[in-house]
Amino acid sequence: MRLLVTGGCGFIGSNFIRQQLQTYDDVSIVNLDLLTYAGNLENLRDVEDNPRYEFVRGDICDRECVNKILESQPVDAVINFAAESHVDRSILDSGPFIQTNIVGTQILLDASRAANVERYLQVSTDEVYGSLGPTGLFTEETPLAPSSPYSASKTAADLLVNAYHHSFGFPAIITRCSNNYGPYQFPEKLIPLFISNAAADLKLPVYGTGTNVRDWIHVEDHCRGIDAALRRGSIGEVYNFGGGNERTNLEITHGILKLLNKPESLIHYVTDRPGHDLRYAIDSSKAERELQWQPQVNFEQGLQDTINWYLSQAEWTAHIKSGEYQTYYEEQYGKR
Ligand code: NAD
């Protein structure tokens, strides 16, 4: 099976590529990634010499580039991870989100359709459903009600994917997952940011009162879900994946401080994110039933392993946290 993976140098895409190459001997992968601030070749250093892996630097919005890849060799399936993925950045400037997440998806859909790929999998998010109150779970039937420019752009992409399926019989599947954590996550996101700040005795900027709830899933469980949807999912269907680990941001913060043996005085409450969704929680029963998928990683163990990974990768983190990231961080939270 030959796969075109887009955005494979980011957090989830790089974990997915590694897992595919390790799990299957008959999978070969072309990774198309623009290497934005979030894309990092170091995330796949260990597979770059694998003869079944090929990297192409390019933009999913570049029609010529995408067509060329799909025309040069037959591709069985396309998995679209490429996206602008950080809510806070979408609030500062939504332009790149509209371009990559919506226009890029449209270009990829057109090119995949022209190339007659057997399957197209759109990696989406539970954020398309908006916010839950204190109770209830998102199912695949929950109405789409995104609240941030990021989630609105992901919703628009999902609607396009659906429309290509309905209008053209295009063989698409959408997966919607809750918040991921694990190795290789860019340290602007909550868990790696707090691990690396706490390890360096820097403040942990907690939004509002820290009571927002997310359902955390280990990235390897998410990647196994994408694999299951790709191989066993039905065309035209949506599958939700969640870890079943609802935690408030404050619970995550306390957990990281405790595991690192750092004082609570590092907690620093900052002005809440505008339009901050209160709670996300996922009903994964459709994926469990139809894909025989279940999350396997225990959250406490996964968090400990993730902390160990970041502590052992100080150079990776330091490298990533220099340059453009520094400017963004100061704009978002002020000087450390
Ligand atoms: P990420 O920001 O770590 O990686 C995104 C990757 O896409 C980077 O390698 C970047 O260089 C690449 N990219 C960006 N624009 C591109 C373009 N125009 N052309 C080609 N490549 C481009 O993101 P992530 O956290 O790995 O998320 C991957 C996907 O999963 C996204 O679609 C995201 O919406 C979705 N998702 C993420 C989460 C999460 O918790 N991180 C949860 C559910 C769904």
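This is a predicted model: local features need pLDDT of at least 70, side-chain atom pairs count only at pLDDT 80 or more; totals for chains, interfaces and linings use all residues.
**The whole chain**

- If you count up the secondary structure, the protein chain has 12 helices and 12 strands.
- A compact globule of 336 residues would have a radius of gyration near 20 Å, and the protein chain comes in at 19 Å, so it fits that picture.
- Of the 336 residues in the protein chain, 46% are buried.
- Take the contacts between residues at least 6 apart in sequence: 84% of these join residues at least 24 apart.

**What the record says**

- An unreviewed UniProt entry lists residues 4-306 as "domain: NAD(P)-binding".
- In the model, that span is 39% helix and 18% strand.
- The end C-alpha atoms of residues 4-306 are 28 Å apart.

**Helix 1 and what covers it**

- A handy rule first: an α-helix has 3.6 residues a turn, so residues three or four places apart point the same way.
- Helix 1 has a run of buried residues from Phe-11 through Arg-18, and Gln-20 is buried too.
- What covers these buried residues? Strand 1 (2-6), strand 2 (28-33), strand 7 (179-181) and helix 7 (219-232) are included in the cover.

**Around the ligand**

- The ligand is surrounded by 30 residues, and the closest are Gly-7, Gly-10, Ala-38, Gly-39 and Ala-83.
- Helix 1, strand 2, helix 4 (95-114), strand 5 (119-125) and strand 7 each give two or more residues to this shell.
- Helix 1 supplies the largest share, with 3 residues.
- By type, the shell splits into 15 nonpolar, 12 polar and 3 charged residues.

**Two residues with a positive phi**

- Asp-201 isn't a glycine, yet its phi is positive, at about 60°.
- You'll find Asp-201 in the loop between helix 6 (190-199) and strand 8 (204-207).
- Is Asp-201 buried or exposed? It is exposed, because it has 10 other C-beta atoms within 10 Å, and 12 or fewer counts as exposed.
- Asn-261 is another residue other than glycine with a positive phi, this time near 60°.
- Asn-261 belongs to the loop between helix 8 (249-259) and strand 12 (267-270).
- With 7 C-beta neighbours inside 10 Å, Asn-261 also counts as exposed.

- Thr-253 is part of helix 8.
- Thr-253 counts as buried because it has 22 C-beta neighbours inside 10 Å, and the cut-off for buried is 20 or more.
- Which residues does Thr-253 touch, leaving aside its neighbours within four places in sequence? Its contacts are Phe-194, Leu-204, Val-206, Gly-210 and Ile-267.
- Pro-205 is 48 residues away from Thr-253 along the chain, but their C-alpha atoms are separated by 9.7 Å.

Technical notes:
Residues are numbered from 1 along each chain as its sequence is written. Helices (H or I, at least four residues) and strands (E, at least two) are DSSP runs, numbered from the N terminus. The radius of gyration is taken over C-alpha atoms; the globule rule is 2.2 Å times the number of residues to the power 0.38. Two residues are in contact if their C-beta atoms, placed from the backbone, lie within 7 Å. UniProt positions are given in the numbering used here, feature names are shortened, and annotations may be inferred rather than shown by experiment. A residue is near a molecule or strand if its C-beta atom, placed from the backbone, lies within 6 Å of it. Ala, Val, Leu, Ile, Met, Phe, Trp, Tyr, Cys and Pro count as nonpolar, Asp, Glu, Lys and Arg as charged, and the others, Gly among them, as polar.
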